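This report concerns the contact between two chains of a predicted model, followed by selected local features. Please consult the sequence and structure shown below while reading.

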Amino acid sequence: MVEVSLTVGKLDASLALLLTKDHHIIEFPTILLPDGISTGSIVKIACERDFEGEEKESKQFDALQKTIYETFGKHEPKEPALKV
Amino acid sequence: MVEVSLTVGKLDASLALLLTKDHHIIEFPTILLPDGISTGSIVKIACERDFEGEEKESKQFDALQKTIYETFGKHEPKEPALKV
Amino acid sequence: MTSVTQGSIPEVVEKTIGESLEQRTAILGNISDLGPPDMVHLAKMVSNSSTKKPTTGTFFYYTGTDVSNSATIAALLHSIADIIDEKPQLWFGKHKSWKVCEATYCTYDAFSEIDARVKVNFPGGVELRVLDSEGNEIASTDRLWLEIYVCAIVRALITADNDSSDFSSVVEIRKVNPLLTKDQTKLFFEGFEKLFFEGTKLGCSEKLQVATNGNNNLVDAFLACVGLTGEFDEAIAIIQRLRSIDPSIGFLEAKINLMADEEVRAVKIMHDIVDANPLDGEALSLQAEFCIEKKRLDLALPLATKAMNSAPWYFKPWSLLVKTYIRTGKYEKALLTLNSCPMVTHKDKYILKRINNPKPEDMHLPLPVDVTLDKVSTLNSVDVAIEHNRVDPTLMGLPAASLKSTFAEAYNLLTEIVHKTGWEMLLKYRTHVFVMEGEFKGAKGEEKTDKQDGVEGIKKIDKLNSSTENYKRKSLPETPESPQSEKSEKSGKSDYKNKQLCERWLDNLFMLLYDDLRVYTMYKAEKMHFEAQKVEMKKTTLEWELTGLVAQRLGHKEEAASCFKRGLDTRFSPRCTSQLLKYYLEHHSSVEHASKNEPANDLHDKILELTVNLLVWNHRWYCGFSPELILSLKDLVNEVGRVKIESEVKVQFDDKNTGIYDLVLDNLSFLDTYGLIEKEE
Amino acid sequence: MTSVTQGSIPEVVEKTIGESLEQRTAILGNISDLGPPDMVHLAKMVSNSSTKKPTTGTFFYYTGTDVSNSATIAALLHSIADIIDEKPQLWFGKHKSWKVCEATYCTYDAFSEIDARVKVNFPGGVELRVLDSEGNEIASTDRLWLEIYVCAIVRALITADNDSSDFSSVVEIRKVNPLLTKDQTKLFFEGFEKLFFEGTKLGCSEKLQVATNGNNNLVDAFLACVGLTGEFDEAIAIIQRLRSIDPSIGFLEAKINLMADEEVRAVKIMHDIVDANPLDGEALSLQAEFCIEKKRLDLALPLATKAMNSAPWYFKPWSLLVKTYIRTGKYEKALLTLNSCPMVTHKDKYILKRINNPKPEDMHLPLPVDVTLDKVSTLNSVDVAIEHNRVDPTLMGLPAASLKSTFAEAYNLLTEIVHKTGWEMLLKYRTHVFVMEGEFKGAKGEEKTDKQDGVEGIKKIDKLNSSTENYKRKSLPETPESPQSEKSEKSGKSDYKNKQLCERWLDNLFMLLYDDLRVYTMYKAEKMHFEAQKVEMKKTTLEWELTGLVAQRLGHKEEAASCFKRGLDTRFSPRCTSQLLKYYLEHHSSVEHASKNEPANDLHDKILELTVNLLVWNHRWYCGFSPELILSLKDLVNEVGRVKIESEVKVQFDDKNTGIYDLVLDNLSFLDTYGLIEKEE
C-alpha cells in the first residue's frame, strides 16, 4: 500500500491541484476529496491494490461472457414458436 | 473519508489514467500506485483529511515565522564582535 | 455496357506544357496522407500541324485504375489517346482535331512515399520513372508495384461515395471501379496480406487519434472491398493468418463474420478473443455494439464500460457507453460520460485533393452524351447557383452541418438525447450535472496553471468554439428546479462537488444544437401554419434539402425524407436523392422484417428510380463507381428478380435508347462477376 | 542643460498626409496591451510656398511626455513647431525651410481603451478629440485625463532601458524623463492610488499568466518610479491605504521597505502578513527570497515550499524552490522541481511597437549635434552591418539568447546547476531522475488520449522545441553509471516509477544549454591555445559581444566582462558597454563590502566612462531617459562627491565643449530634485 500526504494547492469546481512532498502536481477530482477541504488543507491518500475487487470483476466478466455466448453463440435465436 | 475503487486504464512512465465508476478520468502519478499494477488492475484510493498533519504543519510554520522574526525582525544583525 | 468516350474525359489546360507534372513533383515532399489522386497528363498538338511539337498540355485525375504494372497503365494511356485522336474534340466551343503526342500516368504510393510515372510517347515508346519525396529517381521493384497497386485501390475505396456537394471537391476526375475483375480483387487481397503490418503508414479515419494495425485506412479499404465483393471466406482466411502474428486484430475476423451474417461464428470469435485478453478494447467494443443492436442493453453496459476502461484514449467505447446510457434513459450519466469522451482534434477526413488550383476558364468538363436522362444530366448549374445565392439565410452555414470527426459523433449522441427528452428537459439535466457559470466562486482571482491554460489553448484552436457568448445571450430560459437526480444518494455533499465543468466543446455542441432546433422548430411551426391554411409551403429545392438535413441531424427521419421528397419535386438534386435513397433502403429492411403496411412494390420502384438517377448523375461527372448504388441494385435484384429489374429499367428509363440500360448493366455485370446476383439467363 | 534641437527630432515621411493618424485609428480596436507609444504628427509646407496648404506629412513617437492635460500637450507641440520653423531643416540631404501648419499629439489610454488626440493649428487653435476603440469620438473627463497620464507614464517606465539591439525596435522615437518634476511624480502617485484596482487592465509581465491587483504593469511602473525617485515614505503610505481594502497586496509594503533598505520593518510586515494569511503566496515568496539572499537556505526551503503549495500556478515560488535546492546541492530535487514548474506560454514582453512599417528611405533620423563624443556619436552603422554579415556563424542565432519569459528564468536555473556540477554530472543527474527514451515500453502501441495530445499540441506551438532530434544526435556521450542517488531509500520499486518524464520544454533547454556550452568550451580552448602561443586572439566587436553573452548566460561573469572589454577595444558597442557597466556596478558593491583588492578609483573612472558613453549614445538616439544610468550616476556622486565627478566629466569628456557636461547635468539635476545627491554648491 502506498500512503501519501498531500497539500491542497488549488481547489476548483471539478479539479483540485494536490502537491506531494516531492512537488509532484496531481490533478485530483474534487468529488473524491473529503468535505470541508480548502487551499492549504492536507489530505492523506492511501492507495492499495484491490485484489478482491479484481477477482470479483473478473468473475462478473466471465459470467457476462458466458451469458452472451449462451444467448447468441450457440445457435441462431429461434423465432418465437407460435402455438396454434 | 472518501474511498473509491478505480480501474487502471492506462499506465505510462509517470502518469496513469484511472477511471472511476462514474467514468471520471483521473491522471494519477504512477509513483503513487502500488507495485505490480497494470492496465485492468483495480486500486482502492482512500482520501482523508489529515487534521494532525495540518496541525503539525501549522506549528512548524509558526515556529519558522518566529525564527525569522527573531533573526531578522528585531534589529539589524550585529557584526560579529571581535575580541581583542 | 458503357464505354469511355470523349464526353467522359475531363481535362484542365495547363499554362505551360508539363507544369502539372512539375507541381506534382514539388508537393511530393509534403504529403502526409494517402496522397493526391492518380493523374493523367497529355501533351497534345493539332493533328494537321506542320511542327510536330505539342502545343497544349492538359491533365485530369483518376481513381480506381488498375495500376498493377506499367503495361496495363500504358494500355490505358493508349486507349485515352485513341479516343481523343479518333475524331475532332469539342474544345471550348470549337471542334479541334487533336493528336496526343505524349501521355503520362502518375500514381502515388504512400507506403514508400513515392510517385510512379508511366510515360507513353506516340506512336511508340514507354518509359517508367519512380520519384521519391525529393523528386529523385529510384529503381522500381515488384514490392513497390504491389504497394502502388494497393495504395491506389485504398484511395479509390476510401473516397468512393464521399459527399461531393462541397464546392472545393475535385470534378476533373474519372472514377472507375477498381474491382471490376476477380483478379483485381485477388491481387488486392494478396497485397493487403503482404502489406498488412505497414498499414499504419496509410493513416487512419479522422475519428481515430493514431492508426493501429487493426484500424487504419488499409483495413477500412479491405473491409469495404469485402463488403462489396462478398469474398468473405477468403477475407476471413487472410485475417486468421494475420491474427496468429498479431492477436490484437482478432476483432476483424468477428467483424467480417458479422458482415457475412455469420452471427453465431462472430459471437464465438469475440468470446474467444476476450477470453484470451479481457482488455481487448476493439473486441469489447464490437461485443458491446452487437449487444446494443440486439437491444440487450443490460449486457452492453458492462461491456462498454470494460471496453472504455481498457482503452480510455479511444472514442469508440466511450460513445457506445453514452449510447447505452441514453437507451436506458440515464440521461445524466450519458451527459457526464459524453463530457469525458476523448475527442480527436486537429484531424481531417482524407479527401481527394488537387495538386494545384486551376481557373474555371481552363477547365474542359464535357457532357457525356452516351448516357442521358432528362432533368438529371441536364441539371443547370447556373440555376443551382442562383438558387444558392437566394437561399433563406437562416438555413445556410448552420455550424452543426460542418462538424467533423468525433465532434460530429458526439453531436449525434446529443441529438439522440434531445430527441428523447426535449430541449427543456435536456437543459435541466445539463444544469444538474454541470457547474453553471457563477455557481463556483472558488477560483476567483487565482491564476491558471500552464496545464490548464494548455487545455484552454487547444480549445481555442478547436474550430468549434466560435461563440459561447453568443450562445449565452440567446439561450432559451432555464427554469431553476432540477429534475429527479440520479445521484441523490450523494446529496450530503456541497452541491458543486457533484458536478463537473462542462468541456468547452460540449458547451458549444449545446449551442449548435440550439441553432438546429430553432431552425427546425420554426420550420415545423411554419408547416403547421400552412397546413392549417391549406396552402402549399413553397421552398426552393436547396432550402428543402437544407431543412431535410437539419431534420435528419435531429433524428426526425420521416420529416427529413419528406423534405427531400419535396425538394425533388422541383428539380433533380443529388444530395436529396442520395439521402432519400438511404432512407428508403433503411425503411425497406425494416419493412421486410416488421410490417407489411407499405406496398413493397412501390418502395422498390422508388429505390430503382433514385438509384438510376444517381447512376446517371455520377456518370455525368465521369464517375462509374459507387459501392452504395451497387449494393442498392444488388438488394433490388435479389428481391424483385433480375429479369423484372432489367425490363423495368428498359421500359421506364431507356425507351429511347439513352444508354441507361447499359449503365445499369455495368453494375449488374460487376455483381455477376462475384456471384452476388442470379446469373443472366 | 541640454535642449531639444532639430537634430534630436526624428521624423518619418508619410505617403499621404495624415495616413499615420488613420492607421493609428484603424488599430485601436486590436490593442490588447499598453498600446503603441505616444505619437506626434506634423503637417508641413515649404515656408515660402504660395498655396498655404501642407505638402508633407511626418510623424514620430514619444514616451515620457507630460500628458496630464491638453494645454501642456499643446505647449509641447508649439515648441516642436518652433524648433522646426526656426531655421532650414537638413532634410534628406537638402536644407528645407519648413513651416508646420498642424501638429497632432496622440496618446493611448489602456484603462479605457481610448486614444486622446490634441491637434494644434498654426498660428492658432487647439482641438481635443478622444477616440474609442471603434474610432468614435467620446467626451473627455477628469478621470479620463488621469488615466491618460498614468498610462503614458507606465509605458515610459516599463519600456525604459529595454535592450534595443533588436533590429525591429522603434528608432523614430523621443524618450524623455516622465518624472522630471516632483509634481509629475506626485500626480502619478495620485493616479496610481485612484486607478490601483483597475491596474489589471494594463496587463502584466510576461512571466505572469494573469495580472493580479498586486502584480501588474501599473504596479511594476510604480515600483520603478519609487526606486528611481526614492519617494519611499509616500509610496508606503499609499500602499498602506490600499492594503486596508485588499490585504493580498501587503507584500508590496514589505517590498518597498526592502528597496528603502528598511529590512527590519520589511521583516515585521512580512511576518504580520503571513500571520494573518499563511497562504499568501506573494508574501511567502518574498520571505523566501529574502532568506535566500541572507543565505539562510534552511529557512528559505520551507518558505518556498509553502509559497509554492499556496500558489502552485505561479512560477515565482517554484523558481525560488529550485534555487534553494541548487544552493543546498540537491541537484536532483532541483531538476525534478524545475520539471514541474508551471510555464507561461504564449506571452510576450510588452515592447513599444510601431503602428505601421515605414520604409528606410522615408526615415529622417538626424544626428543631434549639441552633444557629441568621438567614436560614440559617430559609430558607423554600415560598418556594424558589415561586421554583422561576417560574424562567426556558430555565434549567431544561439537559441538560448532568445528565450523568453519563464523559459529564460528556467534556463538561468539550469545554468546555475551546470555551473556547479559540470555538464557530465548534470547529464548523470538527468538520467537518474528522468525516464530516458526506450526505458519505458509500457505505452507501446497505445494511442494517446486527447488530453495528452493536447499537451503535446501546446508544446508543438511552443517556439522552444526546434529540434530534439538534433539534440539527440549531437548529445555528449553519457556514461552508464548514475551518481549517488538522493532517493535510494525507494530502491525497492521498479526503477522507472521513481522517475519522471522530462517535459519537452526542459528537454529543449538541455539542448540549448549544450549549444551554449559547446560554443563556450570552444572559445576557452581557443583562448588557451592563443595564450600558449602568446598570440593575441582576434575577433570583431560583435563576436566579442556574442561570446560575452554566452559566457554571461553560463554564469561566467568575469570571463563575460573580459569579452565585453575586448569588444570595446575596437569600437564602441552599446551592448558591450551596458553589460560591462552592469558588471562593474555589481562588482563595485561587492568590492565595497568585501575586499579592497581592486583600486576603487580605477573602478569609479571606468563606471563614469561607461555611463557617459551610454548617455551620449542614448542622446544620439533621441533618448534622454535611462533609470539605470541615473542610478549609476547617483551612486558615483554619493561615493566620490559631486564636485569631483563634475570636474572629471568636464576635463575628461568635455574639454572641447561638446555638450557632455550638460548631458550629465540633466541627470544630476533630476537627482537633485529628489534630494538623492548632495546639493550643488
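## Polar contacts and composition of the interface

Nine residue pairs, both members at pLDDT 80 or more, are in polar contact across the interface of chain B and chain A in this predicted model. A polar contact is a pair of N or O atoms within 3.5 Å; within protein, one must be able to donate a hydrogen and the other to accept it, and residues adjacent in sequence count only if both atoms are side-chain atoms. Four elements of chain B each give two or more residues to the side that touches chain A: strand S1 (2-11), strand S3 (25-29), strand S4 (42-49) and helix H1 (51-73). Helices (H or I, at least four residues) and strands (E, at least two) are DSSP runs, numbered from the N terminus. S4(B) provides the largest share of this side, eight residues.

By residue class, the side of chain B that touches chain A comprises 15 nonpolar, six polar and eight charged residues. Here Ala, Val, Leu, Ile, Met, Phe, Trp, Tyr, Cys and Pro count as nonpolar, Asp, Glu, Lys and Arg as charged, and the others, Gly among them, as polar.

## Extent of the interface

Contact (heavy atoms within 4.5 Å) involves 29 residues of chain B and 28 residues of chain A. About 2,500 Å² is buried between chain B and chain A, with carbon and sulfur atoms giving 67% of that area. Buried area is the accessible area (1.4 Å probe) that two parts lose on being put together, summed over both. Leu32(B), Ile42(B) and Arg49(B) supply 23% of the area that chain B buries against chain A, more than any other three residues.

## Symmetry of chains A and B

Chain B is superposed on chain A by a rotation of 180 degrees with 0.0 Å of shift along the axis, at an RMSD of 0.0 Å. This is the relation of a two-fold axis. Within chain B, the C-alpha nearest the axis belongs to Ala46(B), 2.6 Å from it. The superposition is by least squares on the C-alpha atoms of residues with pLDDT of at least 70 in both copies. The copies meet through the same surface, because 97% of the interface residues of chain B are also interface residues in chain A.

## Strand pairing

Strand S4 (residues 42-49) of chain A pairs with S4(B) in the antiparallel sense over seven bridges; two strands pair if DSSP finds at least two bridges between them. In this pairing, Glu48(A) stands opposite Lys44(B), and Arg49(A) stands opposite Val43(B).

Within chain A, strand S1 (residues 2-11) runs antiparallel to S4(A) and is joined to it by six bridges. Ala46(A) in S4(A) is the bridge partner of Glu3(A).

## Local features in chains C and D

The whole structure holds 84 salt bridges over all chains. One of them links Arg155(D) with Asp38(D), whose closest N and O atoms are 2.9 Å apart. Arg155(D) lies in helix H3 (residues 142-159) and Asp38(D) in strand S2 (residues 38-46) of chain D, so the pair ties together parts that are 117 residues apart in sequence.

A cis peptide bond, with omega about 5 degrees, joins Phe122(C) and Pro123(C). Pro123(C) is placed in the loop between strand S7 (114-121) and strand S8 (126-131) of chain C. In chain D, a cis peptide bond joins Phe122(D) and Pro123(D), with omega about 5 degrees. Lys375(D), a residue other than glycine, has a positive phi near 75 degrees, and lies in the loop between strand S11 (363-364) and helix H13 (381-389) of chain D.

## Conventions

Residues are numbered from 1 along each chain as its sequence is written, and chains are lettered from A and ligands numbered from 1 in the order in which they are written. Because this is a predicted model, local features need pLDDT of at least 70 and side-chain atom pairs count only at pLDDT 80 or more, while totals for chains, interfaces and linings use all residues; side-chain values use heavy atoms, with hydrogens and water left out.

Methods
A salt bridge is a side-chain nitrogen of Lys or Arg within 4 Å of a carboxyl oxygen of Asp or Glu.
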